[in-house]
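Visitor: I have a model open and want to learn how to read it. Where do we begin?

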Amino acid sequence: MSECNVHKNHPHQHGPNCGHTAIKHSDHVDYLHDGHLHHMHGDHVDEHTLDVNSTNPDTCTGGHECSGHEDGHIHGPGCGHEAVPHGDHVDYIVDGHLHHQHNGHCDNHGPVEILSKG
């Protein structure tokens, strides 16, 4: 059994209708909250990160064209897309998949199942 990565001093209770986007993560639900991926676990909140795997790789896709934003859009804090911790970096959800800003283009880091929008 792995240790919890507890998000300390987090009184908010995540759950249905809590106001945060819920996504499917492995066999459970996590909530996007200010660039963090939170999971309610007993009496505390755990910090989660999406795994790098065959569904959500971390490879360069050579520039991903997507209708979810205009050409030249730069992902980063305040860009209008929700941030998601993925492996050792941060991606942004655009039209149900992960975008990773990389060398002047967006890489497609795979799909994310959104269960409810915050």
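Guide: With a definition. A salt bridge is a side-chain nitrogen of Lys or Arg within 4 Å of a carboxyl oxygen of Asp or Glu. Keep in mind that this is a predicted model.

Visitor: How many salt bridges does a search of the whole structure find?

Guide: The search finds 1 salt bridge. Its partners are the side chains of Glu82 and Lys117, at 3.3 Å from N to O. Glu82 sits in the loop between strand S4 (44–48) and strand S5 (83–86), and Lys117 in the segment after strand S9 (114–116), so the pair ties together parts 35 residues apart in sequence.

Visitor: Are Glu82 and Lys117 buried or exposed?

Guide: Buried means under 20% relative accessible area, and exposed means over 50%. Glu82 has 27%, so it is partly exposed. Lys117 has 60%, so it counts as exposed.

Visitor: Now a buried charge. Which side chain of opposite charge is nearest to Asp107?

Guide: That is Lys117, 22 Å away. Asp107 is buried and has no salt bridge. Its place is in strand S8, residues 105–111.

Visitor: What does the side chain of Asp107 contact instead? I mean polar contacts, such as the one with His105.

Guide: A polar contact is a pair of N or O atoms within 3.5 Å, one able to donate a hydrogen and the other to accept it. The side chains of Asp107 and His105 make such a contact at 2.9 Å. A polar atom of the Asp107 side chain also lies 3.1 Å from the backbone nitrogen of Thr61.

Visitor: Next, cysteines. How many disulfides does the structure hold?

Guide: The structure holds 0 disulfides. A disulfide needs two cysteine sulfur atoms within 2.5 Å. Take Cys79: the nearest cysteine sulfur, that of Cys106, is 8.9 Å away. Cys79 is buried, with a relative accessible area of 18%. Cys18 is buried as well, at 19%.

Visitor: On to sheets. What is the general idea?

Guide: Strands of a sheet pair through backbone hydrogen bonds, either parallel or antiparallel. Here, 4 strands form an open sheet in the order S5-S6-S7-S8, with antiparallel pairing.

Visitor: Which strands stand at the edges?

Guide: S5 and S8 do. Each has a single partner strand, so one side of each is left without a neighbour in the sheet. From one strand to the next, the twist averages 40°.

Visitor: How many bridges join S5 to S6?

Guide: There are 4, and the two strands run antiparallel. S6 covers residues 89–94. Follow the pairs along it: Pro85 has Val90 as its bridge partner, and His86 stands opposite His89. The hairpin of S5 and S6 has 2 residues between the strands. There, Gly87 takes a positive phi near 60°.

Visitor: How many residues of S6 are buried?

Guide: 5 of its 6 residues are buried, so S6 is largely enclosed by the rest of the structure.

Terms used: Residues numbered from 1 in each chain as written. Predicted model: local features only at pLDDT ≥ 70, side-chain atom pairs only at ≥ 80, totals over all residues. Heavy atoms only, no water. Buried < 20%, exposed > 50% of the residue type's maximum accessible area, 1.4 Å probe, protein only. Lys, Arg positive; Asp, Glu negative; His and termini not counted. Pairing = 2+ DSSP bridges. Axes fitted to C-alpha atoms, helices over the stretch in contact; angles between N-to-C directions.
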